[in-house]
Amino acid sequence: MERIVIIGLGGIGSILCDKVSRFVNFKKDQETSITLVDGDYFEEKNFERQEFFGFGNKASVKASELRARYEKINYTDIPYFVDENILPKVIEEGDTVFLAVDNHKTRKLVSDYAKNLKDITIISGGNDLVDGNVQIYVREGGEDITPSLTDYHPEIENPEDKLPNEMSCEELQNSEPQLFFTNLGVATIMCWSYYNIKNKDLKSSEIYFDINKMRAHSTSREPKTKK
């Protein structure tokens, strides 16, 4: 059975989970499970940049929506933010993890945890207002095939921000402004990455894009473990 985990169901993740589900439900013969993870709540102010049809915990609401549309997929919702205690209950050997969070500390936590697994794929996306990037971290047989999320990103290796469950309510409310089209761009490139990985045609480890410049470009680096 293929196991997919989607961590973060905000501007990127709320779009991504439907597109991945549609592809898996109608294109895959094997049994698939998708685990949705987020401790945040969808509110009316989020309608401008997030895709939900009801209010409440994002993981629970989105799982309910998707179950009604994609009957071949087994959904599990985990209504908590990821931390060191939750992570071992969320990610298993062989999982494909879509990481759609908005803080570097969570990215580092997930990347470091993945380094202790033999087989894991992480597709991590993030963005500012009009630009963003997607990182692809693949481990096979205990070896890094592509760089970890921290290898070439000191801002992730040494994060200055907090995990969401370490933030006050005021800090959680004061998020940076986001644009729906930019979120859509990140989600789309994460889907491209998943497709290429499944077809064993991965040629890039990171993709950058800018909607103002109307362009995207990719790069492929060696993992630092191989240097």
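The model is predicted, so local features need pLDDT of at least 70 and side-chain atom pairs count only at pLDDT 80 or more, while totals for chains, interfaces and linings use all residues. Residues are numbered from 1 along each chain as its sequence is written, and side-chain values use heavy atoms, with hydrogens and water left out.

A pair of aromatic rings is described by the distance of the centres and the angle of the planes. Here, rings of Phe, Tyr and Trp (its six-membered ring) pair if their centres lie within 6.5 Å; planes under 30 degrees apart count as stacked, over 60 as edge-to-face and the rest as tilted. Across the whole structure there are five aromatic pairs. One of them joins Phe23 and Tyr194, with 6.1 Å from centre to centre and 85 degrees between the planes, an edge-to-face pair. This pair links distant parts of the chain, since Phe23 is in helix H1 (residues 13-27) and Tyr194 in helix H7 (residues 180-198), 171 residues apart. Helices (H or I, at least four residues) and strands (E, at least two) are DSSP runs, numbered from the N terminus.

The two residues of this pair fall into separate accessibility classes, where buried means under 20% relative accessible area, exposed over 50%, and partly exposed in between (1.4 Å probe, protein chains only). Phe23 is partly exposed because its relative accessibility is 26%, whereas Tyr194, at 3%, is buried. Phe23 also pairs with Tyr195: the ring centres are 6.3 Å apart and the planes stand at 80 degrees, so this pair is edge-to-face. Phe23 in helix H1 and Tyr195 in helix H7 are 172 residues apart, so this pair too links distant parts of the chain. Tyr195 has a relative accessible area of 44% and therefore counts as partly exposed. Ring pairs join Phe23, Tyr194 and Tyr195 with Phe98 in a cluster.

Another ring, that of Tyr152, has charged groups over it. A charge sits over a ring if NZ of Lys or CZ of Arg is within 6 Å of the ring centre and within 35 degrees of the ring normal. Arg221 lies over the face of Tyr152, 4.9 Å from the ring centre. The charged end of Lys224 is also placed over the Tyr152 ring, at 5.1 Å from its centre.

Side chains of opposite charge can pair when their charged atoms come close. With a salt bridge taken as a side-chain nitrogen of Lys or Arg within 4 Å of a carboxyl oxygen of Asp or Glu, the count is 14. Among them is the bridge between Asp112 and Lys108, whose closest N and O atoms are 2.9 Å apart. Both residues belong to helix H4 (residues 104-114), where Asp112 and Lys108 are four residues apart, about one turn of the helix. Lys108 also meets Glu157 in a salt bridge, at 3.3 Å from N to O. Because Lys108 lies in helix H4 and Glu157 in helix H5 (residues 154-157), this pair ties together parts that are 49 residues apart in sequence. Asp112 in turn bridges to Lys115, with 3.8 Å between the closest N and O atoms. Partly exposed residues here include Asp112 at 27%, Lys115 at 31% and Glu157 at 32%. Salt bridges link Lys108, Asp112, Lys115 and Glu157 in a network.

The remaining features are spaces, found on a 1 Å grid over the protein atoms alone. A cavity is a set of points where a 1.4 Å probe fits but cannot get out, and a pocket is an open set with protein on both sides within 12 Å along at least five of seven lines; lining residues have an atom within 4 Å of a point. The second largest pocket is lined by 16 residues, with Thr121, Val138, Glu140, Ile197 and Lys200 nearest its centre. Strand S8 (131-140) is one of the elements giving two or more residues to this lining, and S8 gives the most, with three.

The largest cavity is lined by residues including Tyr152 and Arg221, along with Gln135, Ile136 and Glu206.
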